[in-house]
Amino acid sequence: MAVYEQTYKRYAGPLTSEWNRFLIIPRHAYRAVFGSKLFTAFFVICFLPLLVEAILIYLHHNFSAIAAMKINVRELVPIDAYFFQTFINIQGGFAFFVALLVGPPLVSRDLRNNALPLYLCRPFSRTEYVLGKMSVVLILISVITWVPQLVLFLFQSYLEGFTWFKSNLLMINGIVLGGLVWALLLALLTQTISALVKWRVVASGVLLGIFFIPTVFGAFVNEVFRTRWGNIISLGALIKNVTAGLFGTFDRLWDVMRFRDFDGTITEIQLVEPPLWASWMVLFVICAVCLALLSWKVKAYEVVR
Amino acid sequence: MALPATVQEELIRPQTVDDPPVIDLHGLSVAFGRRQILKGLRGDLRGKAIGLLGPNGAGKTTLIHTLLGFHQPTAGTAQIFGHDITDEAKKIKTLIGYMPERDAFIAKMTAVHFVRLMAELSGLPSEAALERAHEALFYVGLGEARYRKLDTYSLGMKQLAKLAQAIVHGPKLIFLDEPTNGLDPPARLRMIKLIREIRDSGQANIVLSSHLLVDVEECCDEILILRDGQIAVYCNLEEERKSNRKFLMLETRGDQNKFVEALSSLGCEYAISSDSRLKVVLQNGVEVRDLYRLAGETQVQLRRLSYKRDSLEDIFLKAMENGYGGL
């Protein structure tokens with residue numbers, strides 16, 4: 001259909017492969033996402049803790065720099081599982097705000113403008129659509145969480161030597177899986193909310209609510225009942241426990257609370273975190289519910305029965 | 001992994017007489033809950049441009065949506081170019097384009113970006129998609145406005161952008177659902193012209209659903225009228241036009257009595273509708289030139305002669321009054 005010919009002609013060229021066609025969605029979405037200067041600035045800020053992390057790792061191995069700065073090596077944070085776990089948790093916080101800024105309009109905008117039939121009338125399934133929309137958030141979060149963490153882990157291994165790498169190999173589990181679980185959960189949550197709520201501001205509010213309201217309620221339950229089981233409904237606590245489990249630093253005993261009764265006797269209560277399997281189970285249920293809701297909402301047309 | 005060669009070949013191969021029908025319905029039924037929307041549709045459609053007609057709620061849009069794979073049939077099935085709509089849905093989707101009835105676009109995108117995205121989702125490589133997006137927008141007449149955001153388009157422009165996304169990947173079959181909805185007369189004429197151009201190019205078949213009979217009459221050579229989810233009438237307009245060439249409307253000046261007597265002598269049936277107008281049914285072996293000869297002999301002027309045939313409106317109204325008639 002050349003411009004000068006102005007006639008309808010079929011396309012006779014090659015077609016792209018089907019398996020990675022869902023990645024077309026994030027490629028086009030990023031044009032709009034990074035069109036916002038505010039978001040771009042925020043995304044750059046997300047890398048600052050990683051820079052600090054890289055500097056700390058570097059300082060550990062640069063004795064001349066330590067000497068010049070007159071720092072005692074013992075004062076430096078040790079580079080171990082806790083070190084990487086702390087930074088992955090910090091990056092997790094940034095990831096939440098990235099998801100909050102990018103996720104809500106992704107599906108809702110298509111639903112509002114009846115764009116779904118345009119996607120689904122092509123050789124492009126509902127699964128590919130959801131996967132494509134999720135990968136917008138997934139890729140961005142991965143770029144600021146587990147991918148740079150993994151690079152820094154390799155950097156530390158390079159500086160420390162192969163023995164350190166071999167003895168800390170399990171940390172890769174924590175970095176990659178911990179980051180991926182958080183990214184997947186955020187991507188699923190944002191897409192589900194986006195599919196259910198048509199307006200961006202409301203969707204962002206709902207995401208904040210889902211994150212903070214159960215956390216506050218869980219903290220309230222913890223205080224009132226002198227337990228840690230309230231954490232089972234807090235997304236932040238759940239992901240923290242799961243990441244700790246993956247890093248091998250999870251300890252169920254959180255604290256021991258001592259208090260004096262009216263008769264003067266001292267009672268000790270052990271505050272024990274919910275078991276890891278319970279945290280995994282809750283995350284699994286949340287993901288399953290999100291998938292069920294997405295499968296219900298992401299359709300070319302709603303059928304009125 | 002590129003698409004299998006057979007699919008690509010099928011995309012570019014023109015339709016021949018020996019090919020399977022464009023749409024083949026095998027007792028297709030669709031129900032939403034307890035509501036039966038399509039009731040055992042049967043028949044094969046082979047027209048270059050197939051018109052779907054019917055009153056509101058007849059099942060036109062549901063039929064299109066089912067053929068596109070948006071709804072699952074509750075019984076029966078259908079085939080598009082010989083491919084089953086349930087078993088080979090993805091293959092079918094590589095062959096079709098769809099222009100939905102309602103406003104449908106992706107917000108905050110320029111037209112060229114939107115059409116390019118749609119082309120890429122249809123499987124075109126990025127560069128080819130961009131090239132064809134420009135071409136498609138020029139073709140539908142949005143060339144100058146292609147860098148404007150779709151949100152700022154008028155209704156007519158949005159309709160054209162929807163058409164551009166439906167044809168950008170060069171499909172073999174294009175579903176157009178109410179393409180002239182909400183258009184002013186010049187925009188409607190432009191849309192009809194585009195549809196006819198695509199039809200006449202012979203590169204794609206068209207299924208046009210519209211409640212405007214005149215649109216269907218201007219564009220289609222085959223029509224399917226639905227009523228209550230069943231086929232009320234199937235009609236090949238081309239054949240209808242040919243078969244009705246024996247019915248004439250005449251306007252005369254002069255002594256009509258002598259002329260009608262002469263017509264009777266030729267064995268033609270006639271009816272006088274007014275002083276100067278006649279309806280004539282030509283008998284076999286009688287040609288129009290015989291009428292001119294008779295007019296000359298009886299000193300009558302033939303001021304107007306036209307073929308009278310059932311208009312689509314007549315066919316539609318009859319279909320609504322009478323029972324159901326399959327293919």
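This text walks through a predicted model, first chain A and then chain B.

Start with chain A. It holds 14 helices and 2 strands. Its C-alpha atoms fill a box of roughly 90 × 60 × 35 Å along the principal axes. Of its 305 residues, 37% are buried. Now look at contacts with a separation of 6 or more. In chain A, residues 24 or more positions apart account for 75% of them.

Pick out one helix, α5 of chain A. Helix α5 covers residues 81–102, which is 22 residues. From first C-alpha to last, α5(A) reaches 30 Å, close to the 32 Å expected at 1.5 Å a residue. Which residues of α5(A) are buried? Among them are F84(A), F87(A), I88(A), Q91(A), A95(A), V98(A) and V102(A). Check the spacing along the helix as you read these names. An α-helix has 3.6 residues a turn, so residues three or four places apart point the same way. The buried set of α5(A) also includes Q85(A), G92(A), F94(A), F96(A) and A99(A).

Move on to chain B. Here there are 12 helices and 14 strands. Buried residues make up 44% of the 327 residues in chain B. For contacts in chain B with a separation of 6 or more, 69% come from residues 24 or more positions apart.

Find strand β11 of chain B, at residues 247–253. Which strands does β11(B) pair with? One is β13(B), residues 277–281, which runs antiparallel to β11(B) and is joined to it by 5 bridges. Within this pairing, E251(B) has R277(B) as its bridge partner. Another is β14(B), residues 301–307, also antiparallel to β11(B), with 6 bridges.

Methods: Residues numbered from 1 in each chain as written. Chains lettered and ligands numbered in written order. Predicted model: local features only at pLDDT ≥ 70, side-chain atom pairs only at ≥ 80, totals over all residues. Helix = DSSP H or I, 4+ residues; strand = E, 2+ residues; numbered from the N terminus. Buried ≥ 20, exposed ≤ 12 C-beta atoms within 10 Å, placed from the backbone. Contact = placed C-beta atoms within 7 Å. Pairing = 2+ DSSP bridges. Expected span 1.5 Å × (residues − 1).
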